[in-house]
Amino acid sequence: MTAMEPRFREMTTDSAAAGRLHVLGSAAAIVELRGLSKRFGQRTVLRAVDCAVGRGRVTAVLGPNAAGKSTLIKVILGMVRPDAGEVLVDGVLVDGDPGYRAVIGYMPQAARFPENLTGRKVVAMLRDLRGSATPVDTTLLDEFGLAEELDKPVRTLSGGTRQKLNAAIAFLFRPSLLILDEPTAGLDPIASGLLKDRILAAARSGASVILTSHVLSELEDLVDDVVFLLDGAVRFAGPLERLRRETGEARLERAIAGLMRRGAR
Amino acid sequence: MKTTLKVLKYELEDVRRSRGVLAYSLVLLAVSEGLLRFGGSGPKAMLSLLSVVLLLVPLVSLVFGTMYLYNARDFTELLLAQPVRRGALFRGLYLGLSLPLAAGLVIGVGAPFLWHMSVDESSAGAFLALLGTGVLLTFAFTAVASLTAVTIDDRARGLGAAILAWLLAAVVYDGLILLVVTLFADYPLERPLLGLTLLNPVDLGRVLLLLRFDTAALMGYTGVVFERFFGTIWGTSVAVGALLLWTAVPFVLSLWRFRTKDF
């Protein structure tokens, strides 16, 4: 009922996926969630969530506070184990083997790093953990002008600078799947603009992006698809245009408000 | 294993530079230096240091350990999003925390003895026992700190639990033993007391040290009982074994919890 029909892009840079496209519908999805449920004690956080995230598309996971957005992201990352259901990333079942995370770049909501290490050391550590042969993309680090700050211990950096480092790290290993939790929170408008450009550039070069945000208006020009969560259940999943059509609202913010009113009824 | 070493490498660097570990080492250095300078001979200073080590090592390992792990939580989540195994990551975290604490202790307590040349052949055993016991206690209480931090998500409650654990082990437990001894003075208490000693790492540390000094009789009931029952060699082995268990059990429990918990 809530499952999204697989959606294709005319062009996909992943040739293997393109080959399978017409045979196997789900090849168009970078992430597939099937019947995910999760409870924390008495609280049900996810209720039978079914959805698919399109390859090469920017998908926004939206919803009010405590709707289950972060939990959904953490299930994809393997940080939270679902009580029921399964997760497939790039066609691979997530079952405890960490290898699948090699294609993922993650930007958590809170940017905290070991306080006495320099930014450069933090970057070196993540490179080491990934295997130093992994090619890196420092475009965002350079664009943010972090070169000087990288040599200072993290504890001396401002919140904004840490958040920039946090964002740059997500893009560092040329991930084919970017997972960004509240990416623009705590960034100044310039940095936020740079980040949005990088997100679009990544999507254009074939990467898939999942992001959450509270500031809906900031997202409008980025987002292809919307997954709307309310009380842990998917209330809408599909292209942004369809959301606009169905709610009769042109602006994302109003469309979401429309969804919430319908959900409350 | 490779992942563990990589995590360890960077965490060692972080903890080594933390002000907490530096302050800890400096305090121990000052105490050790002071005792040697004003308190007289090596063995005498060692005996006084013993009480300091038995109180301070568990406290710092517990409080610094839990605080560090709570502070590292967000970064731990970022590491969990990398293609690494949880078990390897946790082993790296534990070692990266306990090794600098142990090194801080050995340097702080040991250095003054070296530059005062207060260790001779007769007291070398006691000196090594002092440092070794401190290191074992560091590993045991860092493991307890890890267990606290991975089991209790709320940091205020976690810190409270850590301090409570320290109070129990370092202060309350002795009082309880004393109470038992006075209440049941008419009964043979050797064996129950041995059992009670094995249950508390701080007592184990005390026994381990007292077996090396010839003052066991002066320093409390459990030490004497231990020596009578086991003799020095066996007593030492049993106490070391029990302390290692005090490291292994909380470590394995927290490793299991770290591998299965939701972040």
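**Exercise 1.** Leaving aside its neighbours within four places in sequence, which residues is Thr161(A) in contact with? Then decide: is Thr161(A) buried or exposed?

*Solution.* The model is predicted: local features need pLDDT of at least 70, side-chain atom pairs count only at pLDDT 80 or more, and totals for chains, interfaces and linings use all residues. Residues are numbered from 1 along each chain as its sequence is written, chains are lettered from A and ligands numbered from 1 in the order in which they are written, and side-chain values use heavy atoms, with hydrogens and water left out.

Step 1. Find Thr161(A) in helix H5 (residues 159-171) of chain A. Helices (H or I, at least four residues) and strands (E, at least two) are DSSP runs, numbered from the N terminus.

Step 2. List the partners: Leu146(A) and Glu149(A). Contact means heavy atoms within 4.5 Å.

Step 3. Check the accessibility. Thr161(A) is buried because its relative accessibility is 13%. Buried means under 20% relative accessible area, exposed over 50%, partly exposed in between (1.4 Å probe, protein chains only).

**Exercise 2.** Trace the pairing of strand S4 (residues 84-89) of chain A.

*Solution.* Step 1. Start with strand S1 (residues 29-40) of chain A, which pairs with S4(A) in the antiparallel sense over five bridges. Two strands pair if DSSP finds at least two bridges between them. Here, Leu33(A) stands opposite Val87(A) in S4(A).

Step 2. Move to strand S5 (residues 92-93) of chain A. Two bridges join S5(A) to S4(A), and the two run antiparallel. Val89(A) has Val92(A) in S5(A) as its bridge partner.

Step 3. Look at the turn. S4(A) and S5(A) form a hairpin with two residues between them. Asp90(A), in that turn, has a positive phi of about 55°.

**Exercise 3.** Describe the contact between chain A and chain B.

*Solution.* Step 1. Count residues: 32 come from chain A and 27 from chain B.

Step 2. Take the area. The chains bury about 2,900 Å² between them, 56% of it on carbon and sulfur atoms. Buried area is the accessible area (1.4 Å probe) that two parts lose on being put together, summed over both. On the chain B side, Tyr10(B), Phe75(B) and Pro83(B) lose the most area to chain A, together 23% of what that side buries.

Step 3. Count the salt bridges between the chains: five. A salt bridge is a side-chain nitrogen of Lys or Arg within 4 Å of a carboxyl oxygen of Asp or Glu. One salt bridge joins the side chains of Lys121(A) and Glu13(B) (3.7 Å, N to O).
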